[in-house]
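Please read the following briefing alongside the sequence and the model. It covers helix packing, strand pairing and domain layout, in that order.

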Amino acid sequence: MKDFYIAEAARFENQVITSSFVVVSKQAKPKKSGELYLALTLADRTGHMEAKMWDNVADHINCFEQDDFIKVRGLINKFNGRFQLTLHKVRSLQESEVEFDDYLPRTTKDVDALWGTLCEFVAGMQDPHLKALLRAFMADPKIEHAYKTAPAAKSLHHAVIGGLLDHVVSLFWLCDLACRNYPAMIDRDLLLTGAFLHDIGKLHELTFARSFTYTTRGQLLGHMIIELEMLQQKLASLPGFPEEYKTLIEHMIISHHGKYEFGSPKMPMFPEALMLHYLDDLDSKMESMRAHFAREPEAEWTTYNASLERPLLNSRKYLEKLKSGKADAGVTPSPESEGT
Ligand SMILES: [Fe+2]
Ligand SMILES: [Fe+2]
C-alpha cells in the first residue's frame, strides 16, 4: 500500500510527500535559461498528476523511463487550478517493490456483478445460434478473466481495469432500451451479439499489466481485425452456425467505428450495425464526460477534453445555484412575502 494517492492531493496542499507512481509520460524541456527541466505525468490507481523537476535534472534524467515505477519526494502545490508535484528526489523502483494494484485505475463497480448481468442478458436471448456463440466465448476462463480485467480503451474512455466489461454492460442496457423503439427493424439478439463482440479484440490489442499500452499485434492490426480472427476460431467449434449470421456479425464488428477515418473499412449498412455504432459512440462519450467531471469536481467548466476535442460544462454544477435558490424560496419565505 502506498501512503499517498493522487486523489488525496487537496489534503496535502503545500506539503512535502514521499510516494511512488507509474510514469505515464516523461519529457525533458528547456527552461528560459536553456537548461533542461523534466515534465512528467505520473499516475496511480486514483488518477494522473503533472510533476516537474526543475533542479538536478542531469542526475535523474536517465534513471527511469516511461512506464517505470518511481519513488519520489516532492511538494504538492496548485497551478492553474490543478494540483501538481514539484519533485525534489526521484529513484526508480524494482517490480518486486511495488503492488501493481496500487497503480492501475480500476472500475469502482463490482466486476463479478457486472459479469452476472452479462450472463443474465445472454441467458435471456432467444436465438439458439447467437446464444451458443456468446456462451462459447463466456465459458472460456481466459476470456472471462481478461474481460473482467481489460480496459475499454487506452485513454479515451473506460481506461480502467474492468472498463471493457463496464462499457459492454452499459451498452447492453442501451441496446435493450433502444431496440424497443424500433421493434420491426431491430433483431435484439443480433444487436446484443454485436455489442458483446465489438471490442473483445481489446483483450489482445492492449496490455494492462502495468500501464495501458498497445501490444505489437494490437498496434499493427487493431481490435477489429483481431475480433474477426477470434470469431473465426470460436465458430470452428460451432458446426451448423448460419453463414448469414456470421456475415452480419463480421460487418457489425468492422463497421462499429462508423467512419473510414475512425478505422472502419465499411460504414454500418443495416439497422443493427447502425444502432450498435451510435450506442457505442454514445456510451464512450458519456463515460468520457463522467470521468472528466470526476477528475475536476470543483470545475463548472472543465479543462480541454482531448477525446471530445472541447472543454465541457458541468451542467449539474452550473444549475446548482439556480436549483438551490428555488428550493430555498420554496422552504423559507422571504420577509417581504411574509409582510403582504
Ligand atoms: Fe472499437
Ligand atoms: Fe466500444
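**Packing of α2 with α5**

- In this predicted model, helix α2 (residues 111–123) and helix α5 (residues 163–180) cross at roughly 40 degrees, and their axes come within 10 Å; axes here are lines fitted to C-alpha atoms, for helices over the stretch in contact, and angles run from 0 to 180 degrees between N-to-C directions.
- Helices (H or I, at least four residues) and strands (E, at least two) are DSSP runs, numbered from the N terminus.
- α2 and α5 are therefore oblique to each other, given that angles under 35 degrees count as roughly parallel, over 145 as roughly antiparallel, 65 to 115 as roughly perpendicular and the rest as oblique.
- The crossing of α2 and α5 is left-handed, a term used if the near helix is turned anticlockwise from the far one by less than a right angle, with right-handed used if clockwise.
- On the α2 side the contact involves V111, L114, W115, T117, L118 and F121, which meet L165, D166, V168, V169 and F172 in α5; two residues are in contact if their C-beta atoms, placed from the backbone, lie within 7 Å.
- Sorted by class, this contact of α2 with α5 has 9 nonpolar, 1 polar and 1 charged residues, where Ala, Val, Leu, Ile, Met, Phe, Trp, Tyr, Cys and Pro count as nonpolar, Asp, Glu, Lys and Arg as charged, and the others, Gly among them, as polar.

**Packing of α6 with α9**

- Helix α6 (residues 188–197) packs with helix α9 (residues 243–255) at an angle of about 50 degrees, with their axes 9 Å apart, and α6 and α9 are therefore oblique to each other.
- α6 passes α9 in a right-handed crossing.
- Residues L190, T193, G194 and L197 in α6 meet L248, I249, M252 and I253 in α9, and by class the contact of α6 with α9 has 6 nonpolar, 2 polar and no charged residues.

**The barrel and its hairpins**

- A closed barrel of 5 strands runs in the order β1-β2-β3-β5-β4, with mixed pairing, and its twist averages 50 degrees from one strand to the next; two strands pair if DSSP finds at least two bridges between them.
- Strand β1 (residues 16–30) is joined to β2 by 8 bridges, the two running antiparallel, and the bridge partner of A28 is L38 in β2.
- β1 and β2 form a hairpin with 5 residues between them, and G34 in the turn has a positive phi of about 95 degrees.
- Strand β2 (residues 36–44) and strand β3 (residues 47–53) also run antiparallel, joined by 7 bridges, and they form a hairpin with 2 residues between them.
- Across this pairing L40 stands opposite A51 in β3, while L42 stands opposite M49 in β3.

**The β8 and β9 hairpin**

- Strand β8 (residues 301–305) pairs with strand β9 (residues 310–313) in the antiparallel sense over 3 bridges, with Y304 opposite P311 in β9.
- The hairpin of β8 and β9 has 4 residues between the strands, and E309 takes a positive phi near 60 degrees.

**Domains and conventions**

- The domain assignment of the chain gives domain 1 (7–102) and domain 2 (111–292), these bounds coming from an automatic or database domain assignment.
- The centres of domain 1 and domain 2, taken over C-alpha atoms, are separated by 36 Å.
- Residues are numbered from 1 along each chain as its sequence is written, and chains are lettered from A and ligands numbered from 1 in the order in which they are written.
- Because the model is predicted, local features need pLDDT of at least 70 and side-chain atom pairs count only at pLDDT 80 or more, whereas totals for chains, interfaces and linings use all residues.
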